[in-house]
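I set down here what I looked up in this structure, entry by entry.

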Amino acid sequence: MKLITAVVKPHRLDEVKTALQELGVNGMTVTEASGYGRQHGHTEVYRGAEYRVDLVPKIRMEVLVEDADAEAVLDAVVRAARTGKIGDGKVWAVPVETVVRVRTGERGPDAL
Amino acid sequence: MTPVTLASAGLDTGDTAWLLAATALVLLMTPGLALFYGGMVRTKSVLNMLMMSFVSIALVTVVWLVAGYSLAFGDDAFAGLIGGLGHAGMVGIGPDDLTGSVPTLLFTTFQLTFAILTAALISGAIADRMKFAAWLVLVPVWTLLVYVPVAHWVWGPGGWIKDSLGALDFAGGLVVEITCGASGLALALVIGPRIGFKKDAMRPHNLPMVMLGAGLLWFGWLGFNGGSALGANGLAAASVLNTLVAGCTGLLGWLFVEQRRDGHPTTFGAASGVVAGLVAITPACGTVGVLGAAVVGLAAGVVCSYAVAWKFRFDYDDSLDVVGVHFVGGVVGTLLIGLFATSTMTGGTDGLFYGGGAGQLARQTGAVLAVAAYTFLMTYGIGKVIDRMMGVRASEEEELTGLDQTVHAESAYDHGGLGHATAQTPGHSVLRLQDRSTAP
């Protein structure tokens, strides 16, 4: 199993969610996040003064999938989240040792 | 505003009714200001901001009745500088005493609401970082040593700015706006900048609250300026219309600058523009015509929208722009009287643009310099003394955590959070209650 984590622009959330649902992904966890990447945020002008905004609002999505589905899910997230502009975010996958469904106690892929 | 102390003139019920209403309108401006300021600060100190305005109502009222009114509006005691203590504790003033055509007790109360608002206005300059106890000491002392003398000079019987200099201030450009602005600057310098000033944007946390506050201020300002006619008459009507117009042109001027300079017309800019226009028309609403009022408001909207950025260039953390809006707007309005005053409003004085020469402009300039210098230096001194005695600044930990939790043991927005029912305020935590119950 793999844990796929995506950090994307907030306004792409619906597109990414829809793309994953179309792939048959069964669940996800979404949190509001802040962060920066290579550009270290951006500057903005407010009330005549310029500020450096280093932590930019993002959405962090976490999805557990079977190994065989990981590539397809990664590709789907990238396609749905991409705007082509700076700050589109990142997606990564890491191996997961165990998953347990709390209600039934099922383990492994059955718990997904 | 020129109070006429003629007890023989009869009471006018129309005048009295309007001033009663106007007094209520002006009182509402201070809670309105609390919301206006409260929305501008960060989430962690909004309650502290509201509290500074609310306690000003209580503190200034007590001080005003004990001695403030008598020193400001009692018979002149010394060279047009200060009134006597003959009415300290409101001694000798009963329901039958009149000031002009209204009861003196009503005139006193109307004036009190101005003193309250002026004190509360200063709090914007030192938001998020002042020791609350120091504010409780500052407000009464400041009211007696700064507000009261200036009110006497400009409006009191025999006051030197009114009678000797001949400068005009209908509703408080000098007494309220320049006084609070210069005092705010002095206090901001004494207390130093917020941690993170010029680095973090420190955006307003609740702009709808700022807009609501600006709306209440605008509403109350009709009583502030219209009531300053001290009667239900044409001058009051003209002042109300001028006040409305200047708020509108102030808003438009500010938004115009913002759109050109920053690329966005902000709600914060709209609220600030309204207030800048209202500030500037305050001294002038009873001395200029409608066209003059429109120019005064527009000028303030444009000038103040640039002035709020000066704090970054000159390194003073006037957190909520008391200097940029109230001081600068007050100066704009007070000086423009010298250009736009019309004898149809003032009963004799014309400004430069109405054929009256530059004399009035010179008198207005003199009054601005005198009031700005006095209020700045006095407030700076008072601030330094209080700092020496008890410290004016909250600790670094209190400031970073937020004054709401550290001073008031409350938080403005408790949404439950973890487990959906857990109070997030440490001061109210269950653990703390248990600790108390088991304490020896």
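This is a predicted model: local features need pLDDT of at least 70, side-chain atom pairs count only at pLDDT 80 or more; totals for chains, interfaces and linings use all residues.

Residues are numbered from 1 along each chain as its sequence is written, and chains are lettered from A and ligands numbered from 1 in the order in which they are written.

I next looked up the overall form of chain B. Its C-alpha trace spans about 70 × 55 × 40 Å along the principal axes. I counted 57% of the 440 residues of chain B as buried (20 or more other C-beta atoms within 10 Å of the residue's own, with C-beta atoms placed from the backbone).

I then turned to secondary structure. Chain B has 17 helices and four strands (DSSP runs, H or I of at least four residues for helices and E of at least two for strands, numbered from the N terminus).

I examined one pair of helices. G173(B), L174(B), V176(B) and E177(B) of helix 6 of chain B meet V279(B), T282(B), P283(B) and A284(B) of helix 9 of chain B.

Finally, I looked up where the chains touch. Chain B gives nine residues to the contact and chain A gives six residues.

Definitions and conventions:
Two residues are in contact if their C-beta atoms, placed from the backbone, lie within 7 Å. A residue is buried if 20 or more other C-beta atoms lie within 10 Å of its own, exposed if 12 or fewer, and partly exposed in between; C-beta atoms are placed from the backbone.
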